[in-house]
Amino acid sequence: MITAVIAEKPSVAKDIANVLNVRERHDGYLAGNGYLVTWAFGHLVQLAMPEAYGYTGFRRENLPILPQEFKFVPRQIREGKEYKPDPGVLKQLKIISEVFAQSDRIIVATDAGREGEAIHRYIYNYIGCRKPCLRLWISSLTDRSIREGLENLKPGSDYDNLYRAAEARAIADWEIGLNATQALSIAAGQGIYSLGRVQTPTLMMICSRYLENKDFTPQTYYQIRVTITKDGTPFTAISEQRYDTLPEVTAALSTVIATGVVAVTDVQCKEVCQEPPLLYDLTTLQKEANTKLGFSADKTLSIAQSLYEAKVLSYPRTGSRYISDDVFDEIPSRIALLEQYPTLAAHAVVLKGATLNRRSVDAGKVTDHHALIITECLPGELSGDERKVYDMVAARLLESFSARSIKDVTTVRLTAGESDFTVKGTVVKSAGWRAVRGEQDEEEAPAAIPVLKSGETFPLDSAEPLEKQTKPNPLHTESSLLSAMESCGRALDEAELRDSLKDIGIGTPATRASIIETLFSRDYVRREKKNLVPTEKGLAVYHTVKNKKIADVEMTGQWETALARIETGEMDAATFRKGIEVYAAQITEELLQVQVSVTDEKQIPCPKCKAGRILFYPKVAKCSNVDCSLTVFRNKGEKTLTDSQISDLVTKGRTSLIKGFKNRDGKTFDAQVTFDKDFRIVYDFPPKSKGKGDRR
């Protein structure tokens, strides 16, 4: 029997081939020992663009575009104004087809998730294969994990619903994103305004927070701080009352000073136990890496993926923060491994033989993959950034299975004059999990307070007013935005408290980073240090669509819930698609009616058709009329034409003299750029200047 194995990328195929003892190298696959191991390069097959259905350009009469049956085509690249199949993709698809044809069965070893399943199924269906499939479903790429996975292969049909969810998601994004983008761009009459099922609600979150912050008017208020001393130890307390005006706080302060004595009215002491944090899922790792290291969500995912492929981390695209009991059985050996890891060795030794905390152990809360943990392989050489991310995951593993942090918290209420004051003191009895990274609770007082008893009085050392101001919600960072995406924008402090809202988040742990990166690539958002700030273009889109269905965060969350139900077999994909088609038609109709307010100083009529106007893009300028072929590519003779030069070309018929063009031989020359009779770009050379001896 010949068995084909298809992996998501060459490096993973090589790891699997090593375990299977497959050594013969061929173009696009490995062979031996009864196996043919081949690979994809991510998505080799994709949904076809509108042109495949006979729709060209952005035309009002075409919308909404809702194909009855979607076509899948090899991944395409753009050549000039056309999209063509990538030659490398066509070559690998041919190799995969030949490998499958030679085989009796196929082991699907693409990434164990929704997109990994789609990568295989798109290829399998495109080449018309009907061979039986088995699924390799593993959470790490260590040799042991691969070997165990191969011994426990699942029927490919077990993952039919996973594929249906993946395909439904792709079609929904195509129908909503394409129709919404074309509709808004047509309504604007200039430029391209990209919209998307998840992209646009995410932009709404960023813009609304930015405007809320920008329009916030700080309110000044006052409190009183008193200083007293017991047994030679001074400490301060802050008034519970807030005073709105300076005369109010001045009057209260005068009474406090006149009294001259501070009395203890109540002392409350309690032991506070803090459970260790849950293990990381991808989103939590991305949030903390953004906060502590300044890494973007996309960078963190990329690093975690490389560590997964290096066999030192488990599968990173997980949405679970829990592990099952069988994985918990392996945790002592993982902790023992860290005794050989200098940075965390001392803390690993402390846990040796200890009773491990089971807070992160709950099989019922494990989704497709368990929480992100280290594997049984100790890392070798890592880059600086890889080391930082590995250290975070390893430290979190030690924290999660450590004892609780225990502290005594004392809350003291005092009075002076007619004002009440409060001071808190904290004494750490057992650092527990906090000892791993030496982190303190942000709410802990900077120092302990002396022992105080109710009824004690002390002379007032000093009293002073404190002027404070109310503060707006801070601008979104990638960390806070990821939290908002998890809970559809609801602001909750603790990740665990958002568990009940997981089913109405937007995006998935695997896709949120790419959504954020899309907003940057569309020039809708920029980074200012760690903050996410909308551009003028982003704000224009926000103001245009903020009250439209495409911007509805909760509705987007409901679609995500529906996709999860398709995955579990609770919902029919066809029902979901009908709903998406209705939704796409509604948003298209809405968006075609809007008025887009975007500053644009370049209202230049097209010299060719006279009907459209010239639109300026980073690599090209072209007519807004889809039936007009006028296109000016900026790159000409290794020079880049500026907006000003293109404006001269289309308004005056030619540019001024441009110096430094290069021909194919690398020789430089000077010329003007002009149109020929068919509005093609040509050079116009100036007459040669006469020499000094040539006088007429």
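In which helix does D173 lie? The residue lies in helix α5, where helices are DSSP runs of H or I with at least four residues, strands are DSSP runs of E with at least two, and both are numbered from the N terminus.

Good morning. Before I continue, a word on the source. This is a predicted model, in which local features need pLDDT of at least 70 and side-chain atom pairs count only at pLDDT 80 or more, while totals for chains, interfaces and linings use all residues. Residues are numbered from 1 along each chain as its sequence is written, and side-chain values use heavy atoms, with hydrogens and water left out.

Let me begin with the chain as a whole. There are 19 helices and 28 strands in the chain. The C-alpha trace spans about 105 × 80 × 65 Å along its principal axes. Of the 696 residues, 49% count as buried; buried means under 20% relative accessible area, exposed means over 50%, and partly exposed lies in between, with a 1.4 Å probe and protein chains only. The chain exposes about 33900 Å², and carbon and sulfur atoms supply 49% of that area. These areas come from the Shrake-Rupley method with a 1.4 Å probe, and for residues only the protein chains shown count as cover.

I turn to contacts, which means heavy atoms within 4.5 Å. Among contacts in the chain with a separation of 6 or more, 71% are between residues 24 or more positions apart.

Next, the interior. A nonpolar core is a set of buried Ala, Val, Leu, Ile, Met, Phe, Trp, Tyr and Cys residues joined through side-chain atoms within 4.5 Å. The largest such core has 91 residues, of which F100, I123, V545 and F576 touch the most other members. Helix α5, residues 160-188, provides the largest share of this core, with 15 residues. A second, separate core has 37 residues, including Y280, L285, L382 and V393. To return to F100: leaving out residues up to four places away in sequence, F100 touches A4, I6, I106, H120, Y124, I127, C129 and K131.

D173 counts as partly exposed because its relative accessibility is 26%. Apart from residues up to four places away in sequence, D173 touches L178 and R197. D173 and E456 are 283 residues apart in sequence, and their C-alpha atoms are 68 Å apart in space.

T181 also has its place in helix α5. Is T181 buried or exposed? T181 is buried, because its relative accessible area is 12%. With neighbours within four places in sequence set aside, T181 is in contact with I192, Y193, S194 and L195.

The aromatic residues come next. Rings of Phe, Tyr and Trp (its six-membered ring) pair if their centres lie within 6.5 Å; planes under 30 degrees apart count as stacked, over 60 as edge-to-face, and the rest as tilted. The whole structure holds 17 aromatic pairs. One of them joins Y53 and W174 edge-to-face, at 6.1 Å centre to centre and with 80° between the planes. This pair links distant parts of the chain, 121 residues apart: Y53 is in the loop between β5 (45-47) and β6 (72-74), and W174 is in helix α5. Y53 counts as buried because its relative accessibility is 19%, and W174 is buried with a relative accessible area of 8%.

F675 and F679 form a tilted pair, 5.2 Å centre to centre with 55° between the planes. Here F675 is buried at 14%, whereas F679, at 25%, is partly exposed.

In helix α16, residues 536-545, seven of the 10 residues are buried, among them G538, Y542 and V545. The buried residues of α16 pack against α5, α6 (199-214), β20 (531-534) and α18 (573-592).

Why is helix α14, residues 478-486, described as largely enclosed by the rest of the structure? The description applies because eight of its nine residues are buried; E478, L481 and M485 are among them. The buried residues of α14 pack against α6, α8 (282-293), α9 (297-309), α15 (512-521), β19 (525-528) and β20. Just after α14, C488 takes a positive phi of about 55°. Thank you for your attention.
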